[in-house]
Amino acid sequence: MLLKLFVSFLFGIVEGITEWLPVSSTGHMILFNQFISLEKLTSKNFYSMFEVVIQLGAIMAVVVIFWHQIWPFRNNKKKQGAERYVNMDIIRLWIKILIACVPAAIVGVLFDELFEKLFYNPVCVAIALIVFGVAFIVVENNHKNMRPRISSLEEITPKTALMIGIFQLIAAIFPGTSRSGSTIVGSLMIGVSRTVAAEFTFFLAIPVMFGASLLKIAKFGLAFTSTEAAILAVGCIVAFVTSMLIIKFLMNYIKKHDFKVFGWYRIILGILVLLYFYVIK
């Protein structure tokens, strides 16, 4: 029991760090499970659910940190009519977030199990890490000293949101791509500033992760044993605390730095993974 909880604790740290940095949380979870396997300590079905639902802990960190930017209801006595009780700017933001979710939601519901069988393995993760690592470096070099076309969330149009959602779709198909990485790279390519790209990516994760978690729980069922419930709780709580720290770090980091360091990290990690599974193992 203690060993299972400790391993869940470690998975929570990995999830909390890698969910928001553009290095692929799913990819790291797959790789981490190769060396410290929670799946072997529990069951294949439980672990398949755990590695998705643990993201709820990470997403709650976004909800807490950005609460005033995403909660539309209020009581502003300076406003008249509906504006007194509802912040329409936030409602419009949520409409754009939901538009961006459409591509991944459709493909995820229809082909989730197929993609999991085809691509959820160390080799595919390694290739995706390297390819998108190169993409980060190329995009950052091409956009060096360029003035972003979109520098606030309000300037994101429904069309732009849909384009960002299509980039997110890549991560839904290929683990190792990174959901945050693909949406940030895509956002930079279409002229969105780093800060806005990161914030919109965080907000976009809320419905995506809640939806994916509910889908996995529905497939697994609610018949958790006390041990399974404890493992899931520990993982979510640790992911929440770690995410709080990482999100604040990242928002400060991107004010002065670009994303190329994450690109080099991805390339090096991808090469090491290929060496391990093709040469060493």
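Me: What volume does the largest pocket have?
Reply: Happy to start there, keeping in mind that this is a predicted model. The lining of this largest pocket counts 37 residues, with Gln55, Asp112, Ala172, Val208 and Ala212 nearest its centre. The pocket's volume comes to about 780 Å³.

Me: Which helix gives the most residues to the lining of the largest pocket?
Reply: Several helices give two or more residues each, among them H1 (2-18), H2 (25-35), H10 (179-189) and H11 (194-220). By class, the lining holds 18 nonpolar, twelve polar and seven charged residues. The top contributor, with eight residues, is H7.

Me: Nice. And the second largest pocket: which element supplies the largest share of its lining?
Reply: This pocket holds about 640 Å³ of space. It is lined by 21 residues, and those closest to its centre are Lys44, Ser48, Glu51, Glu116 and Lys216. Elements giving two or more residues include H2, H3 (38-41), H7 and H11. The largest share, six residues, is from H4.

Me: Are H4 and H11 roughly parallel or roughly antiparallel?
Reply: Their axes come within 9 Å and cross at roughly 160°. An angle over 145 degrees counts as roughly antiparallel. The pair is therefore roughly antiparallel.

Me: Which residues of H11 make the contact with H4?
Reply: H4 passes H11 in a left-handed crossing. From the H4 side come Asn45, Phe46, Ser48, Met49, Val52 and Val53. Counted by class, this contact has seven nonpolar, three polar and one charged residues. On the H11 side, the partners are Ala212, Ser213, Lys216, Ile217 and Phe220.

Me: Are H7 and H9 roughly parallel or roughly antiparallel?
Reply: H7 (residues 88-119) and H9 (residues 158-173) have axes 8 Å apart and pack at an angle of about 15°. Angles under 35 degrees count as roughly parallel. So H7 and H9 are roughly parallel.

Me: How many nonpolar residues does the contact of H7 with H9 have?
Reply: The crossing of these two helices is right-handed. H7 brings residues including Ile99, Val107, Phe115 and Phe119, and H9 meets them with residues including Leu162, Ile166, Leu169 and Ile173. Two residues in the contact of H7 with H9 are polar and one is charged, while the nonpolar ones number 15.

Methods: Residues numbered from 1 in each chain as written. Predicted model: local features only at pLDDT ≥ 70, side-chain atom pairs only at ≥ 80, totals over all residues. Heavy atoms only, no water. Axes fitted to C-alpha atoms, helices over the stretch in contact; angles between N-to-C directions. Helix = DSSP H or I, 4+ residues; strand = E, 2+ residues; numbered from the N terminus. Parallel < 35°, antiparallel > 145°, perpendicular 65-115°, else oblique. Left-handed = near helix turned anticlockwise from the far one by under 90°. Contact = heavy atoms within 4.5 Å. Nonpolar A, V, L, I, M, F, W, Y, C, P; charged D, E, K, R; others polar. 1 Å grid on protein atoms, 1.4 Å probe; cavity = no way out; pocket = protein on both sides within 12 Å on 5 of 7 lines; lining within 4 Å. Points joined across faces, edges and corners; volume = space filled by probe spheres on them.
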